[in-house]
Amino acid sequence: MCCDNGCHGQEKHCRGHRHSGNSRPHQIWYQIYRAPYDHDPGNTNYGIEAATVLGIEPARVFKTLMTDVAGTLAVAIVPVNGTLDLKAMAQALGHKKAAMADPATAQRRTGYVLGASPHRPASALPTVLDESALDYETILVSGGRRGFDIELAPTDLITITKAATAKIGSPTHP
């Protein structure tokens with residue numbers, strides 16, 4: 001797979017991944033995007049900016065947000081062209097209320113930095129992927145730093161992170 005406006009530093013890969021409790025490996029296809037652009041400091045929506053530069057529909061590019069649900073850190077993964085519905089996030093994890101996690105606390109307790117990748121070791125945290133991801137064959141998530149994204153099937157992301165799916169995002173941008 002290659003985006004229509006040229007291969008912007010993309011690499012295609014297939015790696016074996018073992019399901020917990022299952023000795024059969026599951027092959028996961030993914031593609032790395034290294035965006036060859038300088039971030040516009042005046043632009044506060046990094047995800048929309050990256051999607052535009054890569055020529056990818058913003059609804060297929062997902063951001064990772066750290067939340068506090070009943071005193072427990074949790075990961076919400078929603079499209080960059082929308083916002084997180086905190087009440088829906090709480091309900092997806094069986095609680096009534098959620099708040100955005102304090103960035104310093106989240107980084108100290110998990111190793112996450114703002115905009116971090118959902119599939120890093122901290123993904124042992126409860127994770128919820130917006131159900132809109134299932135509308136696409138593949139989605140893009142952060143690879144751990146700005147300008148570095150990973151494209152993979154949403155079902156593979158669910159497997160890797162042990163994520164639940166729920167309607168936790170609300171579109172705000174076209």
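Modeller: A salt bridge here is a side-chain nitrogen of Lys or Arg within 4 Å of a carboxyl oxygen of Asp or Glu. This is a predicted model, in which local features need pLDDT of at least 70 and side-chain atom pairs count only at pLDDT 80 or more, while totals for chains, interfaces and linings use all residues. Residues are numbered from 1 along each chain as its sequence is written, and side-chain values use heavy atoms, with hydrogens and water left out.

The structure holds 1 salt bridge. Arg 60 pairs with Glu 151, with 2.8 Å between the closest N and O atoms. The two residues are 91 apart and link distant parts of the chain: Arg 60 sits in the loop between α1 (46–54) and β3 (62–69), Glu 151 in strand β9 (residues 148–152). Helices (H or I, at least four residues) and strands (E, at least two) are DSSP runs, numbered from the N terminus. Both Arg 60 and Glu 151 are buried. Buried means under 20% relative accessible area, exposed over 50%, and partly exposed in between (1.4 Å probe, protein chains only).

In α1, the buried residues include Gly 47, Ile 48, Glu 49, Ala 50, Ala 51 and Leu 54. Just after α1, Gly 55 takes a positive phi of about 70°.

Because 6 of its 8 residues are buried, β3 is largely enclosed by the rest of the structure. Two strands pair if DSSP finds at least two bridges between them. β3 pairs with strand β4 (residues 72–79) in the antiparallel sense, over 8 bridges. Lys 63 has Val 78 of β4 as its bridge partner. β3 and β4 make a hairpin with 2 residues between them, and Ala 70 in the turn has a positive phi of about 55°. β3 also runs antiparallel to strand β6 (residues 98–100), joined by 3 bridges. There, Asp 68 is bridged to Ala 99 of β6.

One more residue touches this region. Thr 127 lies in strand β7 (residues 127–130). Thr 127 is buried, at 4% relative accessible area. Contact means heavy atoms within 4.5 Å. Leaving aside neighbours within four places in sequence, Thr 127 is in contact with Val 75, Ile 77, Thr 161, Ala 163 and Ala 164. The Thr 127 side chain also reaches the backbone oxygen of Leu 125 at 2.9 Å.

Terms used. Polar contact = N/O pair within 3.5 Å; in protein donor to acceptor, adjacent residues only side chain to side chain.
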